[in-house]
Amino acid sequence: MSTATEFIISALIVLGALFVLLGSVGLARLPDFFMRLHGPTKATTMGVGATLLASAIYFSVQDSEGVSLHELAPLFFLFITAPVTAHLLAKAALHRKSSGRSSGQPAPASEHPPGQH
Amino acid sequence: MMRALLPMPRVSLMVFVLWAVITNAASLGLLVLGALLAIVIPLLSRDFWPDPPPLLHPWRGLRFLGLFALDIVTANWRVARQIVGPLHRLSPAFVEVPLDLRDPFIATLLGSVVSLTPGTVSIHVDQQRWVLLVHALDAPDPQALIGEIKERYERALKEIFAC
Amino acid sequence: MLNAAIEIAFVLIAAALALNIYRLLVGPDTTDRILALDTLGINSIALLVLYGISSNSTAYFEVALLLALLGFVGTVALCKYLLRGDISE
């Protein structure tokens with residue numbers, strides 16, 4: 001492995017871990033649920049993305065078997081699922097806020113009219 | 001014949017590429033198995049897929065993906081600074097973005113794009129009023145934010161897909 | 001250089017996991033805890049991938065992929081439960 005590629009991999013790893021940490025700092029530090037949502041959906045996703053990219057480059061250079069692309073699958077998957085997760089969580093939070101159940105029991109099933117499920 | 005075997009060519013292509021990527025496509029046998037899966041999975045899951053509008057400009061789509069990747073990086077930089085910086089300076093807000101597009105699939109796509117880029121998370125797509133409810137981490141000027149989303153993403157998506 | 005980078009990254013991600021656990025314990029709302037759990041899962045993917053690099057083995061990749069898939073499905077199920085008090089349609 002040449003020094004240049006080693007440098008790129010190292011930089012990606014440290015940057016990725018830094019963004020993972022920043023996402024969690026946002027999760028722990030921000031005062032309101034909807035603000036907390038921002039950290040994990042963006043910073044963490046990109047952090048893990050950078051780490052996976054580093055892994056892909058590392059094993060492509062390391063292995064004699066050739067390019068290692070399979071890290072791209074979780075990368076792709078994370079970028080698709082992160083917005084969906086955020087969207088559903090935000091919806092759940094709004095639902096709980098509007099029904100005044102912000103720290104109690106989940107909505108009882110009997111609230112829905114029968115036949116809706 | 002083609003249509004019966006491959007009702008959704010784009011989904012088939014995606015399944016095949018994903019399979020090749022996951023297995024690192026080391027042998028011919030794996031590729032054949034991937035092709036088989038790319039035919040069988042869309043046939044079995046056909047009823048669950050929404051009908052996406054036709055892709056008009058695939059090349060523009062690729063350019064959009066590039067722009068989007070750059071935006072993800074800059075957006076992360078911005079959000080990172082906001083997270084570490086003083087919190088009292090942030091002005092979080094719920095913003096309603098009126099949509100021009102009228103396709104549920106593209107609206108969902110726009111929601112995902114918005115969630116991954118500049119300090120915004122999409123919360124709800126109202127398909128009666130065609131409004132996208134967005135939460136912004138720091139939006140001192142909601143009008144500017146609405147303009148940015150419409151100008152930068154919605155128009156591009158409308159151009160790429162025919163809708 | 002690579003080894004030093006991996007060591008640093010391990011420390012950073014461990015700190016991130018600790019912060020997630022803090023949010024998981026403190027709450028205050030159930031949605032906060034679900035978000036913390038989801039982030040915990042994603043962060044451990046990063047940890048696994050890093051461990052794969054440091055031990056020079058691709059075996060951890062499948063674990064990371066499964067964690068991503070299961071974490072997502074779990075989070076969606078929990079959100080659905082909060083939204084309707086029921087998971088199955």
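Biologist: In what order do the elements of chain B run from the N terminus on?

Modeller: This is a predicted model, in which local features need pLDDT of at least 70 and side-chain atom pairs count only at pLDDT 80 or more, while totals for chains, interfaces and linings use all residues. Residues are numbered from 1 along each chain as its sequence is written, and chains are lettered from A and ligands numbered from 1 in the order in which they are written. Chain B has six helices and three strands; helices (H or I, at least four residues) and strands (E, at least two) are DSSP runs numbered from the N terminus. From the N terminus on, the order is α-α-α-α-β-α-β-β-α.

Biologist: What is the radius of gyration of chain B?

Modeller: The radius of gyration is taken over C-alpha atoms, and the globule rule is 2.2 Å times the number of residues to the power 0.38. For the 163 residues of chain B the rule gives 15 Å, and the chain is well over this, so it is more spread out than a compact globule. The C-alpha trace of chain B spans about 60 × 35 × 25 Å along its principal axes. The radius of gyration of chain B is 19 Å.

Biologist: What share of the residues of chain B count as buried?

Modeller: A residue is buried if 20 or more other C-beta atoms lie within 10 Å of its own, exposed if 12 or fewer, and partly exposed in between, with C-beta atoms placed from the backbone. In H5(B), Ile106(B), Ala107(B), Leu110(B), Gly111(B), Val113(B), Val114(B), Ser115(B) and Leu116(B) are buried. Over the 163 residues of chain B, the buried share is 28%.

Biologist: Which elements of chain A are included in what covers the buried residues of H5(B)?

Modeller: Helix H5 (residues 104-116) of chain B has 13 residues and reaches 19 Å from its first C-alpha to its last, close to the expected 18 Å; the expected span is 1.5 Å times one less than the number of residues. From chain B, the cover includes helix H4 (58-84), strand S2 (120-126), strand S3 (131-136) and helix H6 (142-160). From chain A, it includes H3 and H4.

Biologist: At what angle do H2(B) and H3(B) pack?

Modeller: Two packed helices are described by the angle between their axes and the distance between the axes. Axes are lines fitted to C-alpha atoms, for helices over the stretch in contact, and angles run from 0 to 180 degrees between N-to-C directions. With their axes 8 Å apart, helix H2 (residues 9-23) and helix H3 (residues 28-45) of chain B pack at an angle of about 145 degrees.

Biologist: Which two chains have the most contacts between them?

Modeller: Two residues are in contact if their C-beta atoms, placed from the backbone, lie within 7 Å. Chain B and chain C do not touch, and their nearest C-alpha atoms are 9 Å apart. Of the two pairs of chains that touch, the one with the most contacts is chains A and C.

Biologist: Which element gives the largest share of the side of chain A that touches chain C?

Modeller: The contact between chains A and C takes 52 residues from chain A and 48 residues from chain C. The elements of chain A that give two or more residues are helix H1 (3-29), helix H2 (33-36), helix H3 (38-62) and helix H4 (72-98). By class, this side has 30 nonpolar, 17 polar and five charged residues. The largest share, 16 residues, comes from H1(A).

Biologist: Which element gives the most to the side of chain A that touches chain B?

Modeller: This contact takes 30 residues from chain A and 24 residues from chain B. H1, H2, H3 and H4 of chain A each give two or more residues to that side. Its residues divide into 19 nonpolar, seven polar and four charged. With ten residues, the element that gives the most is H4(A).

Biologist: What is the radius of gyration of chain C?

Modeller: Chain C has three helices and zero strands. Its C-alpha atoms fill a box of roughly 50 × 30 × 10 Å, taken along the principal axes. A compact globule of 89 residues would have a value near 12 Å, but that of chain C is 16 Å.

Conventions
Ala, Val, Leu, Ile, Met, Phe, Trp, Tyr, Cys and Pro count as nonpolar, Asp, Glu, Lys and Arg as charged, and the others, Gly among them, as polar.
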